[in-house]
2 protein chains.
Amino acid sequence: MRQAAGRLLAALAIVWLIAAAPPALAQDPLPSWNDTAPKKAIIAFVARVTKAGTPDFVPVPQRIATFDNDGTLWAEQPIYFQFAFAFDRVKLLSAGHPEWKNQEPFASLIDGNIENALAGGEEALVQVLAATHAGMTTESFDRIAREWIRTKRDARFKRPYATLVYQPMLELLNYLRANGFKTFIVSGGGVEFIRAFAEDAYGIPPEQVIGSSGRLKYQMRGDVPELLKLPAVDVVNDKDGKVVSIQKVIGRRPILAFGNSDGDLQMLEWTAAGKGARLALLVHHTDATREWAYDRASHIGQLDKALDLAVAKKWTVVDMKNDWNAIFPKQ
Amino acid sequence: MRQAAGRLLAALAIVWLIAAAPPALAQDPLPSWNDTAPKKAIIAFVARVTKAGTPDFVPVPQRIATFDNDGTLWAEQPIYFQFAFAFDRVKLLSAGHPEWKNQEPFASLIDGNIENALAGGEEALVQVLAATHAGMTTESFDRIAREWIRTKRDARFKRPYATLVYQPMLELLNYLRANGFKTFIVSGGGVEFIRAFAEDAYGIPPEQVIGSSGRLKYQMRGDVPELLKLPAVDVVNDKDGKVVSIQKVIGRRPILAFGNSDGDLQMLEWTAAGKGARLALLVHHTDATREWAYDRASHIGQLDKALDLAVAKKWTVVDMKNDWNAIFPKQ
């Protein structure tokens, strides 16, 4: 009897809540997007794939959306933030490496001459990554990266790197997830570096981050097992490699893919070539005032062939200057 | 006004539904498990990690559970089902390969002499896998594997392989998911073979299946991009490799891991060594009448060192004969 009375009271409380609620307003899910073509294309696409009983309907488990990270979800100029992190680490670690003073690219990095250091090309970068991203456990690296991204400020905007994410993309990620999409990062950046901030910054858990990675070694330190990061590249997650990783890790073709450079060309091509409704998008960095402007000639995030293909294939190109009314989240 | 009236009607309907509902019965979530130690350990563990405000509480995103597949979620005797699939494919493809009649291990497989074929060891197996798992697109392979698993019946139980899954494990997967866990397969088997049935059989989507894999090549066939399966091994997901894959793909240490063989030892060790409440479990195949009985001397699913470690570390060992009152789902 008391149980039944309790249920009745609970039910009456619900009546009150529902009857007293004001009618829901149709809120704009993408307020930082201007009402231009890209926003319309996104909203039309989501409406199309979520409407049950239509030929374009896509069941929830198949609503896979993949996003590049550098230049798509957060900024990437004047150098990839992960490089800035590595160069900072070199300076910090240099006290324990007196030999670096006479050894490139370390000597230049200690002097703060990044251009000189990068003149050593890929070989120099591999040396820097080996010195800063290996020889420690995965847990140690995570702690170090997490702290740097949260606290270190970039030179131009004077903001912590963790806050140099794009507000319109945060809204898009939320909008897609609210419509049953599973959002993945598919980045050329290091997977463990991205995981150190992706959950807080984007709401994307570690198992939905795909990136480049080095080899790992499982070993015992006394009784305690640990994973050691080795100075050897395992997966390079760029261009063709992004499609291969999508198949290996997700095992399902995305229905939406978003990139900003030629490194994303194959991911967009693979996504767009699937059956049924598909949406392929590119961020075009056109706003030197609020962010950066670069494309065909940039040494970072070069957008050249993919821009031509976007025109030919009618992919959606987001013009940052015209299509976004905000860039970074308010602080 | 009409809107308000509609909301009131809806609310009254909810009152009726709630007030009329009988009190919920506490249903047993694991009816195929006897009330022995393993079931008690599982239920106590889930209660512990899901109780907010206690030191052992684990937030939902961190409730990662990993399961071996062969011998843990479905049967694996007298040979791994994926081998049975490969051997069937050899017979089917032999019409197009007259040279196989004089070439081992193919000649023996065509004659149905599996023991003879396996005498060629690892090299023979690699040849069979190359002939049956490569040289086609990922989509073609998926279709072929899906059809075989769904329709082909095993020799002893005369059931389709898709139904040789363990009923108690299906209940456990559902129970964990109902308690906010994300369930992953971490198997030595081929990732694409497992994905061909894991979603239907276990409710585990492709992106939560981790397995061994071969190399893939992204290429264009005319205008159409495709992923070709190459005859080269990429990832061997066994022993140490399971821990490395967990870090690479999930990026988070499981709080529960379930295996059945020495190939799962490191996964259980890594899981159990994490901070806070952890549960490591092994299926011990002890039931020759209803399924199979094997452990230390088996050539498939050998359980030897992990059984010793389970005793030393107080891992939970499930004795199939005593702890499960059903093996396979009712047909």
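B:Pro105 is found in the loop between helix H3 (81-93) and helix H4 (106-110) of chain B. Helices here are DSSP runs of H or I with at least four residues, strands are runs of E with at least two, and both are numbered from the N terminus. A cis peptide bond links B:Glu104 to B:Pro105, with omega about 5°. In chain A, the bond from A:Glu104 to A:Pro105 is cis, with omega near 5°. A:Pro105 sits in the loop between helix H3 (81-93) and helix H4 (106-110) of chain A.

The model is predicted: local features need pLDDT of at least 70, side-chain atom pairs count only at pLDDT 80 or more, and totals for chains, interfaces and linings use all residues. Residues are numbered from 1 along each chain as its sequence is written, chains are lettered from A and ligands numbered from 1 in the order in which they are written, and side-chain values use heavy atoms, with hydrogens and water left out.

A:Pro105 also lines a cavity, together with A:Phe87, A:Leu109, A:Ala117, A:Leu118, A:Gly121, A:Ala124, A:Leu125 and A:Val128. This is the second largest cavity, with about 40 Å³ of space. A cavity is a set of points on a 1 Å grid over the protein atoms alone where a 1.4 Å probe fits but cannot get out; lining residues have an atom within 4 Å of a point. Points are joined across faces, edges and corners, and the volume is the space filled by probe spheres set on them. Helix H6 (121-133) of chain A and helix H5 (114-118) of chain A each supply at least two lining residues. The largest share, four residues, comes from H6(A). Eight of the lining residues are nonpolar, one is polar and none is charged. In this scheme Ala, Val, Leu, Ile, Met, Phe, Trp, Tyr, Cys and Pro are nonpolar, Asp, Glu, Lys and Arg are charged, and the others, Gly among them, are polar.

The whole structure holds two cavities of 30 Å³ or more. Strand S3 of chain B gives the most, with four residues. By class, this lining has two nonpolar, three polar and five charged residues.

Backbone angles pick out a lysine in each chain. Phi of A:Lys239 is near 50°, a positive value in a residue other than glycine. Phi of B:Lys239 is near 50° and positive as well. A:Lys239 has 40% relative accessibility and counts as partly exposed. Buried means under 20% relative accessible area, exposed over 50%, and partly exposed in between (1.4 Å probe, protein chains only).

Aromatic contacts come next. Over all chains there are 44 aromatic pairs. Rings of Phe, Tyr and Trp (its six-membered ring) pair if their centres lie within 6.5 Å; planes under 30 degrees apart are stacked, over 60 edge-to-face, and the rest tilted. A:Phe67 and A:Phe258 have ring centres 5.9 Å apart and planes at 25°, so the pair is stacked. A:Phe67 lies in strand S1 and A:Phe258 in strand S5 of chain A, so the pair ties together parts 191 residues apart in sequence. A:Phe67 is buried, at 0% relative accessible area. The rings of B:Trp33 and B:Trp324 have centres 5.8 Å apart and planes at 75°, so this pair is edge-to-face. Both B:Trp33 and B:Trp324 are buried.

Conventions
On a 1 Å grid over the protein atoms alone, a cavity is a set of points where a 1.4 Å probe fits but cannot get out, and a pocket is an open set with protein on both sides within 12 Å along at least five of seven lines; lining residues have an atom within 4 Å of a point.
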